[in-house]
Amino acid sequence: MPNESNFDEIYDFLNTKFESEKEYLQAVREVLEDIVPIYNANEAYKQADIVRRLCLPERVIYFTVSWVNSEGTVEVNQAWRVQHNGVMGPYKGGLRFHPTVNLSVLKFLAFEQCFKNALTGLPMGGGKGGSDFNPKGRSDRDIMLFCQAFMRELQRHIGANTDIPAGDINVGAREIGYLYGEYRRLNNKFEGVLTGKGLEFGGSYIRTEATGFGLIYFTEAVCDANDTTLEGKRVVVSGAGNVALHAAKKAIQKGATVVTLSNSRGFLFCDKGFSESDIAWAIDAHTTSSNVLTDLESKGSGVWFSDKTPWHVKCDIALPCATQNELHEKDAKALLENGCSMVLEGANMPCSNNAQEVFIDSGITYVPGKASNAGGVALSGLEMSQNAQFSQHEADVLDNELQSIMKSIHARCLEEAKRSAGKDNYINYMKGANIAAFRRIADAMVAQGV
Ligand code: NDP
């Protein structure tokens with residue numbers, strides 16, 4: 001019997017089974033609202049029960065990381081790899097090391113990753129992994145020991161054509177290096193099993209910059225569609241990590257004024273705008289400094305506000321680039337009151353469902369991370385193909401490819417958004433992104449049978 005599925009039926013099914021997994025249910029809900037009408041109108045999708053299958057991860061791997069730290073003490077962490085959907089290609093998605101990591105967070109990230117990867121047009125399925133290990137304040141040696149113990153278990157589940165993890169929060173070039181070294185020693189193989197590697201051993205130019213740069217290329221495409229440019233726009237950025245700093249750098253290069261950066265302890269405000277050299281300094285220092293933003297303040301760039309977020313600062317564009325659920329309904333209202341007319345996500349799911357509604361109901365441009373932050377995974381896809389050919393492309397070639405991928409993601413989202421627009425002709429990028437990605441994945445699932 002064909003599955004006459006609808007939103008409530010599927011959501012209730014997931015809600016009953018995974019009641020405690022709040023972030024996962026939030027991510028699924030955000031997508032279901034947009035795709036269920038497409039599903040209901042397509043007999044082949046219904047026959048294959050596509051939506052229910054797409055919401056559930058194909059495989060979840062749990063493991064314990066027991067390791068001996070540099071002082072000889074045994075430590076125990078929990079770790080997971082969620083291989084969500086592999087119809088479009090090998091599972092692909094980052095690893096996060098953070099005390100807030102749990103199965104719900106990784107399931108939401110893996111689910112989102114499938115949609116993001118589909119939007120790039122590259123052959124990549126979706127996955128995500130990580131551990132509740134907190135690397136903050138740990139010695140370099142402890143981080144290496146943890147990465148090695150983590151990879152001793154993960155290595156049996158990944159491979160260059162199976163599952164290719166990358167970095168995410170607290171997993172940067174250093175951690176990827178340690179993880180890769182352990183994989184290579186255990187498997188006696190030099191293969192592209194991780195992306196975000198060092199340039200000396202199979203890494204790609206522009207990978208580090210790609211998420212932040214890609215976010216700005218997407219922002220430019222949105223500006224272009226609205227007959228404006230980034231030149232002279234005031235931009236509020238949250239976060240002070242890889243994504244935030246590279247987005248700030250590219251925005252400044254495009255003539256915008258970046259007035260904030262933030263972290264989990266507060267935000268730095270610079271009314272005249274950070275300079276390119278401030279950001280270049282922060283990019284160099286952020287992996288070693290305990291608080292790169294208070295260091296910037298000491299250098300005379302900006303004023304630090306402890307325990308505050310940047311959402312009440314006057315701006316034209318807001319780029320949340322720190323973490324999930326960092327921007328709530330009251331923050332969304334404050335942004336609107338202060339003249340913000342575009343919100344593009346650099347982080348994954350930084351805006352709560354209520355905040356998204358505030359933006360969409362008010363008619364301002366809102367772009368979900370699965371579209372606007374896809375530059376990172378797109379460059380990871382290009383790193384994979386360079387590894388498969390044992391080649392390394394020039395930085396400017398890759399930067400051009402990144403720009404063209406971000407433009408094409410924008411075009412895909414815009415086309416679907418226009419097709420599904422209501423009487424008010426509001427361009428709903430979230431709906432556009434969800435539907436464009438869903439069609440690609442659903443068609444591949446139907447073609448591959450049950
Ligand atoms: P980093 O670890 O480099 O930086 C994270 C930043 O966010 C830090 O400044 C951190 O501050 C801040 N932060 C973390 N938690 C909070 C919080 N609760 N409130 C305020 N600030 C917080 O990570 P990335 O820049 O790589 O990733 C940022 C986001 O972008 C994540 O959502 C990630 O999933 C997403 N993303 C990353 C990609 C990549 O290529 N790196 C690709 C696509 C998406 P502190 O140092 O104080 O903890």
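Here are a few worked exercises on the predicted model shown above.

Before you start, residues are numbered from 1 along each chain as its sequence is written, and side-chain values use heavy atoms, with hydrogens and water left out. Because the model is predicted, local features need pLDDT of at least 70 and side-chain atom pairs count only at pLDDT 80 or more, while totals for chains, interfaces and linings use all residues.

**Exercise 1. Describe the overall build of the chain**.

Step 1: Start with the secondary structure. The chain has 17 helices and twelve strands; these are DSSP runs numbered from the N terminus, helices being H or I with at least four residues and strands E with at least two.

Step 2: Look at the extent. The C-alpha trace spans about 60 × 55 × 45 Å along its principal axes.

Step 3: Check the radius of gyration, taken over C-alpha atoms, against the globule rule of 2.2 Å times the number of residues to the power 0.38. For 450 residues a compact globule would come out near 22 Å, and the chain's 21 Å agrees.

Step 4: Of the 450 residues, 57% are buried, where buried means under 20% relative accessible area, exposed over 50%, and partly exposed in between (1.4 Å probe, protein chains only).

**Exercise 2. Work out what surrounds the ligand**.

Step 1: Collect the shell, counting a residue as near if one of its heavy atoms lies within 4 Å. The shell holds 24 residues, and the closest are Asp168, Thr211, Ser264, Arg265 and Asn348.

Step 2: Sort the shell by class. There are six nonpolar, twelve polar and six charged residues. Here Ala, Val, Leu, Ile, Met, Phe, Trp, Tyr, Cys and Pro count as nonpolar, Asp, Glu, Lys and Arg as charged, and the others, Gly among them, as polar.

Step 3: Helix 8 (207–225), helix 9 (242–253) and strand 7 (257–263) each supply at least two of its residues.

Step 4: List polar contacts, meaning pairs of N or O atoms within 3.5 Å; within protein, one must be able to donate a hydrogen and the other to accept it, and residues adjacent in sequence count only if both atoms are side-chain atoms. Polar side-chain atoms lie 2.6 Å from a ligand oxygen in aspartate 168 and 2.5 Å from a ligand oxygen in serine 264.

Step 5: Finish with cover. The ligand has 900 Å² of accessible area on its own, and the protein covers 83% of that; accessible areas come from the Shrake-Rupley method with a 1.4 Å probe, and for residues only the protein chains shown count as cover.

**Exercise 3. Find where aspartate 227 sits and whether it is buried or exposed**.

Step 1: Locate aspartate 227 in the loop between helix 8 and strand 6 (234–238).

Step 2: Read its accessibility. At 75%, aspartate 227 counts as exposed.

Step 3: Note the backbone. Most residues other than glycine have a negative phi. Aspartate 227, however, has a positive phi near 55 degrees.
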